[in-house]
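Biologist: I am new to this structure and would like to learn how to read it. Could we go through it together?

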Amino acid sequence: MVDLQSQYAHIKETVDPSIQEVIDTASFINGPKVHQFQKHLEDYLKVKHVIPCANGTDALQIAMMGLGLEQGDEVITADFTFAATVEVIALLKLTPVLVDVDPVTFNIDVDAIKNAITPKTKAIVPVHLFGLAANMDEIMAIAKEHNLYVIEDNAQGIGANYTHKDGSKTKTGVIGHVASTSFFPSKNLGCYGDGGAIFTNDDELAHTIRGIVNHGMYQRYHHDVVGVNSRLDSIQAAVLDVKLPYLDRYNDTRRNAARKYTKAFKDHPQITTPSGRTACNGICDTCDCHVFHQYTLKLEGVDRDALVSHLNEKGIPCGVYYPIPLHKQKAYADERYNESDFEVTNHLVDNVISLPMHTELDDEQIDYITTTVLSFINSNA
């Protein structure tokens, strides 16, 4: 699904000395490389504060801790996403409220958000799923109307642009009150281990979060807030700082591969290719609101699981994200949920499949993958 070895080969001459510098200086925790990467990422995103941390799940949890949400507060998020999004809500003893997603973008449905708001609702967590920006104009308007926080889960969307209704563009992760991201190796901007970060333009919130990530300390042995131990190590920062200047190129390469996939599958009656324009309000000429962390097809009348087996037999990796909706997971089941409220999600979990997507895909590989998929579907129609 991801060819990190080939990607490494292209940056080896730069990344190796950067890692070696950390080893030579023994500045392994919170060293100069961390501060350097932080500043460069702030400049890239045009955000006031980037607070690095140990991983993307920590980032999301710390963002919620920084907002001061209290036990029992309700947090609305999408049912169709990875469990980490709802996991941290439950860990903090907040109340997760899962809602359905849009059938075209697979992102959180804004009408479902409106219907889920109660007097206990305190925050919305939109996920920029598979790399496509969620409908942030509408989400921010809902949040403003109901005095809610917006916490962007940007683990899959770093580098994506959201085009607002007025035509202006903003990077995902800097539109809401606070955001989290992951630098897991397979991400569009990935390190060689675990890593994450929180973004915000709120000075006071940033100050609080900086204490939380370091045991609640601003001064050594003075614990002013309840904190955690979650710091990005210097070796991972060194890797990320080398890769950051390539991020736009990496994302453009993914978009180019996605266009080739889409061209091959275009107009097939049993295949719906990913939407790349909906989040841009239909007004951008060259869409860059999707960075294709995953390239995910929606199938109709196809034995998805048989296709997965067939692709594996042909040496083609593929993924099913996500086979079980969160509202059906044992850990997050809630008697308040009605299956009729998750019509889209319940359909997607049985019919989506993600194909290899990374910066090293070439035309021969894409042709082999698409030909194999089409051959299977057409022969089993």
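Predicted model: local features only at pLDDT ≥ 70, side-chain atom pairs only at ≥ 80, totals over all residues.

Biologist: Which of the lining residues are the closest to the centre of the largest pocket?

Modeller: Among the 27 residues that line the pocket, Phe82, Ala155, Gln156, Ser182 and Lys187 are the closest to its centre. Two or more lining residues come from each of α3 (56-66), α4 (84-91) and β8 (178-182). Of the elements, α3 gives the most, with three residues.

Biologist: Thanks! Now to helices: what describes two packed helices?

Modeller: The general idea is to give the angle between their axes and the distance between the axes. Here, α10 (residues 304-313) packs with α12 (residues 363-379) at an angle of about 135°, and their axes are 10 Å apart. The two helices α10 and α12 are therefore oblique to each other. As for handedness, the crossing in which α10 passes α12 is right-handed.

Biologist: Which residues of α10 and α12 make the contact?

Modeller: From α10 come Ala306, Leu307, His310 and Leu311, while α12 brings Thr372, Val373 and Phe376. Sorted by class, the residues in this contact of α10 with α12 are five nonpolar and two polar, with no charged ones.

Key:
Residues numbered from 1 in each chain as written. Heavy atoms only, no water. Axes fitted to C-alpha atoms, helices over the stretch in contact; angles between N-to-C directions. Helix = DSSP H or I, 4+ residues; strand = E, 2+ residues; numbered from the N terminus. Parallel < 35°, antiparallel > 145°, perpendicular 65-115°, else oblique. Left-handed = near helix turned anticlockwise from the far one by under 90°. Contact = heavy atoms within 4.5 Å. Nonpolar A, V, L, I, M, F, W, Y, C, P; charged D, E, K, R; others polar. 1 Å grid on protein atoms, 1.4 Å probe; cavity = no way out; pocket = protein on both sides within 12 Å on 5 of 7 lines; lining within 4 Å.
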